[in-house]
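Subject: Handing over a structure

Hello,

Here is the structure I promised you. Please look it over, then read my notes below.

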Amino acid sequence: MEFDISKAAKSDDINDSLDYKKVSKRIISLCEKADSYLVENLIEKTRSLEVKLENLGSLALLKFDEPSTRTRLSFAIAAEKLGIKTFESSDVVSAKQKGEILKHEIETYVSMGIEVLVLRTKENNIDDYREFKDIGVVSAGFGNKSHPTQALIDISTLFSLNKINEKLTPITYIGDVKHSRVFESGRQLLNLLGFKVGVFTDKKLLPDNKNGLEIYESWDEVFESSNAIELLRVQKERLQDNEEINFDEYINNYQLTQEILGKSQSDLAVLHPMPINIGIEISKDAIEDRKIKYKDQLSHAIPSRIAAFKYVRDEI
């Protein structure tokens with residue numbers, strides 16, 4: 001863009017000065033052309049570039065629609081150890097808020113090279129995901145029905161502690177089994193292995209399906225029948241309006257205290273999937289007892305998620 005400024009430079013006459021209006025129009029015209037060239041360039045680049053999904057490496061999406069500390073972190077670390085790059089999402093920031101259907105959501109993930117979807121949700125809709133064959137789906141907790149990697153943690157812990165033996169009922173779940181996905185997946189796994197599962201809780205918190213269960217009425221029955229117990233918190237967020245729990249009665253009857261622990265066998269193992277509500281399912285004085293084994297469970301957290309990734313990728 002050039003302008004002859006020689007006449008204006010030699011004269012003080014206002015009539016000989018630059019026509020800045022014309023200059024401005026020339027500049028605007030040039031910028032508009034530059035924008036056009038840029039847009040054409042971007043379109044051409046978009047059309048010509050080919051992103052080969054196989055060159056992206058292994059990708060996984062961690063989609064957690066409910067709060068999580070241990071499960072989300074251990075999945076992320078497990079993926080890192082396997083060389084899988086992870087991304088995070090949730091319904092709060094997804095197009096589901098705009099009415100997107102599940103099919104389109106999954107198609108989007110697949111088109112961008114996501115191989116594994118690790119999902120935690122309040123919904124009991126795990127069957128909706130079984131029809132998708134182009135992506136591996138790992139349950140990190142579906143509603144109150146599915147938490148298989150936690151079951152792997154718990155049963156692996158029992159084996160490590162030598163609590164799976166000749167007893168028909170190796171473990172008794174104590175607490176809110178009705179709304180617990182930890183319990184549901186645990187009972188499924190143990191039933192598959194040929195064991196029954198013990199339950200000790202308020203009648204309002206018993207599951208509808210009682211197949212494969214032994215229901216106990218006292219702590220003495222629990223200790224006589226099981227090598228281990230797993231404490232479960234009351235799932236306040238899943239209680240229905242018509243499900244009222246008297247917490248004073250619940251604590252009085254089902255809270256594990258140091259006094260109750262003192263009546264148990266010396267080698268009893270006490271598990272808890274966490275988070276622990278001290279003062280409800282267990283007393284403050286009991287949480288430090290040597291029989292409490294949640295740290296043993298934590299040691300299996302990353303390995304169980306590594307196993308899940310390997311399974312969904314057909315590596316085991």
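Let me begin with lysine 163. Lysine 163 is buried, at a relative accessible area of 9% (buried means under 20%, exposed over 50%, partly exposed in between, with a 1.4 Å probe and protein chains only). This is a predicted model: local features need pLDDT of at least 70, side-chain atom pairs count only at pLDDT 80 or more, and totals for chains, interfaces and linings use all residues. Residues are numbered from 1 along each chain as its sequence is written, and side-chain values use heavy atoms, with hydrogens and water left out.

Lysine 163 sits in the loop between α5 and β5. Helices (H or I, at least four residues) and strands (E, at least two) are DSSP runs, numbered from the N terminus. Leaving aside residues up to four places away in sequence, lysine 163 touches Leu158, Pro170, Asn227, Asp267 and Ala269; contact means heavy atoms within 4.5 Å. Asparagine 162 belongs to the loop between α5 (148-160) and β5 (171-175). Asparagine 162 is exposed, with a relative accessible area of 57%. Its phi is positive, about 60°, although asparagine 162 is not a glycine.

**The sheet**

Four strands make an open sheet, ordered β2-β1-β3-β4, with parallel pairing. Two strands pair if DSSP finds at least two bridges between them. β2 and β4 (136-142) are the edge strands, each pairing on one side only. On average, neighbouring strands of this sheet are turned by 20° against each other, direction ignored. Axes here are lines fitted to C-alpha atoms, for helices over the stretch in contact; angles run from 0 to 180 degrees between N-to-C directions.

Five bridges link β1 and β2 (residues 85-89) in the parallel sense. There, leucine 61 faces phenylalanine 87 in β2. β3 and β4 also run parallel, joined by five bridges. Valine 118 stands opposite valine 138 in β4.

**Helices on the sheet**

β1, α3 (residues 70-81) and β2 form a right-handed β-α-β unit. Right-handed means that, with the strands pointing away from the viewer, the path from the first strand over the helix to the second runs clockwise. α3 lies across β1, β2, β3 and β4, at about 175° to β1. Helix α11 (residues 301-312) also packs on the sheet, touching β1, β3 and β4, and its direction makes about 145° with that of β4.

What are the buried residues of helix α4 (residues 102-111)? They are Glu105, Ile106 and Tyr109. Seen down the axis of α4, these buried residues fall within an arc of 95°, so they line one face of the helix. The arc is that of the directions from the helix axis to the C-beta atoms. The buried residues of α4 pack against β1 (59-64) and β3 (114-121). Just after α4, glycine 113 has a positive phi of about 90°.

**The loop between β9 and α10**

A cis peptide bond joins methionine 274 and proline 275, with omega about 5°. Methionine 274 lies in the loop between β9 and α10, and proline 275 is placed in that loop too. Methionine 274 is partly exposed, at 21% relative accessible area. Its phi is positive, about 70°, although methionine 274 is not a glycine.

Alanine 286 is in the loop between β9 (269-271) and α10 (294-298). Is alanine 286 buried or exposed? Alanine 286 is buried, with a relative accessible area of 0%. Not counting residues up to four places away in sequence, alanine 286 touches Leu256, Thr257, Gln258, Leu261 and Ile292.

Best wishes
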